[in-house]
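Trainee: I have a new model open and would like to go through it with you. Can you start with whatever term I need before we look at the strands?

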Amino acid sequence: MGRCDTLGAHMHRWHINNLGTKAFLATKSMAVDVAGKLPCLTEIFDTDSDKAWPGNQIMDVFSNRISFHTRPNSASAEEQTTLLDATLLKARGEEHLAIMACDSSVPQDSTVQALAAARVWIRVCIVRQTRQASGRATAPDAELHAIWAGIGMATTIAGINHIYVFTDHLPSAEQVVDLGIHSGQWRSLEVCTRLQSWVGANPARRVSFILVNSKLKWSIHQNVHEYVSNRSFSIAHGRHPATSLAYLHMAEVAACQDEWNRLFSTSKYLRRGFLRLCDNNDKDLKPSYLGGGDMA
């Protein structure tokens with residue numbers, strides 16, 4: 001759907017592309033709102049990748065060699081740190097193993113791009129590192145970007161048979177091997193293509209994703225966090241920044257909420273019979289459709 005032609009599609013006579021400019025601007029509907037935002041979207045999606053077919057997906061083929069490790073729900077901060085320290089110590093003592101930590105940063109300044117960073121260690125030495133702009137992206141988008149960059153570096157190091165990936169956002173790690181339609185799908189496609197080739201080339205090769213609680217400010221993950229959060233490194237959006245699907249969705253939700261709040265403050269919208277409610281600080285409650293439609 002959009003204002004441009006779609007290859008192989010036969011447009012209905014009432015298709016949005018057949019609306020004149022005046023009619024398009026005058027029409028109020030979700031379809032028109034979406035069509036107006038599509039030119040900002042820079043992502044590419046593959047709705048029928050052969051690698052996403054059942055039986056072809058990387059987790060179907062190599063589920064025993066790609067693993068995800070979470071912390072116990074009941075573990076204290078001290079126990080989590082001890083467990084991570086032990087894992088890192090073991091990794092540094094093994095041959096043919098690369099240690100990768102990744103993190104992202106989404107500045108509050110709306111004129112600055114999100115950043116993704118990753119570092120790769122062999123034992124205690126940094127052998128690869130990168131810090132890249134993610135464009136207009138959400139935190140999960142940028143974290144997926146960081147994992148994509150880190151795996152791209154680690155799989156090019158000769159002699160490596162096992163990669164430890166330390167991340168503070170396991171859903172992004174799980175999404176990197178998910179080829180369904182989602183924000184950042186093209187990065188997932190690239191990672192899966194790379195890993196299928198890399199893992200398939202040697203039966204000893206494995207990848208382990210390990211969750212790190214960012215609040216711990218732990219060791220190598222904190223090292224990468226400081227690297228990506230360094231304020232001296234920032235990149236402005238520019239005229240045509242890369243823009244993710246999740247970012248557009250988030251921006252639309254925020255704009256809708258702001259407009260609702262604006263209307264909620266006008267008597268014409270509320271009418272006289274509306275009962276105003278206040279919070280514990282005697283401030284007017286504002287409407288929200290998030291969390292089941294609670295008042296915020």
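Mentor: Start with burial: a residue is called buried when its relative accessible area is under 20%. Keep in mind that this is a predicted model.

Trainee: Fine. How many of the nine residues of β3 are buried?

Mentor: Eight of the nine are buried, so β3 is largely enclosed by the rest of the structure.

Trainee: And what percentage of the protein is buried?

Mentor: Buried residues account for 37% of the 296 residues.

Trainee: What's the secondary structure count?

Mentor: Ten helices and six strands.

Trainee: In what order do the strands sit in the sheet?

Mentor: The order is β1-β6-β5-β2-β3-β4, in an open sheet with mixed pairing. The edges are β1 (66-69) and β4, each of which pairs on one side only. From one strand to the next, the twist averages 15°.

Trainee: Back to β3 then. How many bridges join it to β2, and in which sense do they run?

Mentor: Seven bridges join β2 to β3, and the two strands run antiparallel. To find that pairing on screen, look for Ile 99, which stands opposite Trp 121 in β3.

Trainee: What about β3 and β4, parallel or antiparallel?

Mentor: Antiparallel, over nine bridges.

Trainee: Where does the parallel sense come in?

Mentor: β2 and β5 pair that way, over five bridges. Ala 98 stands opposite Ile 163 in β5.

Trainee: Which strands does α5 lie across?

Mentor: α5 lies across β2, β3, β4, β5 and β6 (206-211), and runs at about 30° to β3.

Trainee: And α8, which of its residues are buried?

Mentor: In helix α8 (residues 219-229) they are Ile 220, His 221, Gln 222, Val 224, Tyr 227 and Val 228. The elements covering those buried residues include α4 (77-93), β2 (97-105), β3 (114-122), β4 (125-135) and β5 (162-167).

Trainee: What is its nearest side chain of opposite charge?

Mentor: Arg 187, at 7.7 Å. A salt bridge needs a side-chain nitrogen of Lys or Arg within 4 Å of a carboxyl oxygen of Asp or Glu, so at that distance Asp 141 has no salt bridge, although it is buried.

Trainee: Then which side chains does Asp 141 make polar contacts with?

Mentor: Two to look at are Ser 183, joined to Asp 141 by a polar contact of 2.8 Å, and Ser 244, whose side chain meets that of Asp 141 at 2.5 Å. Setting aside neighbours within four places in sequence, Asp 141 is in contact with Ser 183, Ser 244, Ala 246 and Tyr 247.

Trainee: How many salt bridges does the count come to?

Mentor: One. The side chains of Glu 259 and Arg 262 form it, at 2.7 Å from N to O.

Trainee: How far apart are those two in helix α9?

Mentor: Glu 259 and Arg 262 are three residues apart in helix α9 (residues 245-264), so about one helical turn separates them.

Trainee: What does Thr 42 touch?

Mentor: Not counting residues up to four places away in sequence, Thr 42 touches Pro 241, Ala 242 and Thr 243. The side chain of Thr 42 reaches the backbone nitrogen of Thr 243 at 2.7 Å. With 43% relative accessibility, Thr 42 counts as partly exposed.

Trainee: What share of contacts join residues at least 24 apart?

Mentor: Among contacts between residues at least 6 apart in sequence, 68% do.

Note on methods. Residues are numbered from 1 along each chain as its sequence is written. This is a predicted model: local features need pLDDT of at least 70, side-chain atom pairs count only at pLDDT 80 or more; totals for chains, interfaces and linings use all residues. Side-chain values use heavy atoms; hydrogens and water are left out. Buried means under 20% relative accessible area, exposed over 50%, partly exposed in between (1.4 Å probe, protein chains only). Lys and Arg count as positive and Asp and Glu as negative; His and the chain ends are not counted. A polar contact is a pair of N or O atoms within 3.5 Å; within protein, one must be able to donate a hydrogen and the other to accept it, and residues adjacent in sequence count only if both atoms are side-chain atoms. Contact means heavy atoms within 4.5 Å. Helices (H or I, at least four residues) and strands (E, at least two) are DSSP runs, numbered from the N terminus. Two strands pair if DSSP finds at least two bridges between them. Axes are lines fitted to C-alpha atoms, for helices over the stretch in contact, and angles run from 0 to 180 degrees between N-to-C directions.
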